[in-house]
Structures are given as C-alpha cells and as structure tokens.
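Biologist: Could you take me through one part of this chain up close, starting from the overall picture?

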Amino acid sequence: MKRFFKRGSAEIVSVVLMVVVLGGLALAVSASLSNQTTKSAKTGLKANTTQLEITYNNIESQLTELTD
C-alpha cells in the first residue's frame, strides 16, 4: 500500500481517469444490452399475442360452426 502513495500525482490521476472511463464504457454496454433485450422481448410478445389471437379466433369460429 505504501508503494501506491509514493507514486506521483500524475500516475494517480491517470489511474482514476482510467477507472472512470472503464466504468463509463461498462455502463454504456449494459445500457445497450438492456435496450436491445427490451426491444427483442417486446417484438416476441407482440408476435405471440398476434398468434394467440389468430388461434383463438379460429377456435371460436369452428365452435360457432358446430353449434349452428
């Protein structure tokens, strides 16, 4: 630990800046992944809802034909 504090202020500043930049990059990547996952989930749910609606309407029309 003593070695770290014996270094110059330029080295300490560069280490702090590197940590800040890497943290920013990590946040940007996680935000991008989250956004893409949300879009994918919404698209999948919309397609699933559409397919369920078509299936329900087909079953309903077949039951209507049977009872008539």
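Modeller: Buried residues (under 20% relative accessible area with a 1.4 Å probe, protein chains only; exposed is over 50%, partly exposed in between) make up 0% of the 68 in the chain. Bear in mind this is a predicted model, where local features need pLDDT of at least 70, side-chain atom pairs count only at 80 or more, and totals for chains, interfaces and linings use all residues. Residues are numbered from 1 along each chain as its sequence is written, and side-chain values use heavy atoms, leaving out hydrogens and water.

The chain has two helices and zero strands, taken as DSSP runs numbered from the N terminus (H or I, at least four residues, for helices; E, at least two, for strands). Let's zoom in on T67, which sits in helix α2, a helix covering residues 9-67. T67 counts as exposed because its relative accessibility is 67%.
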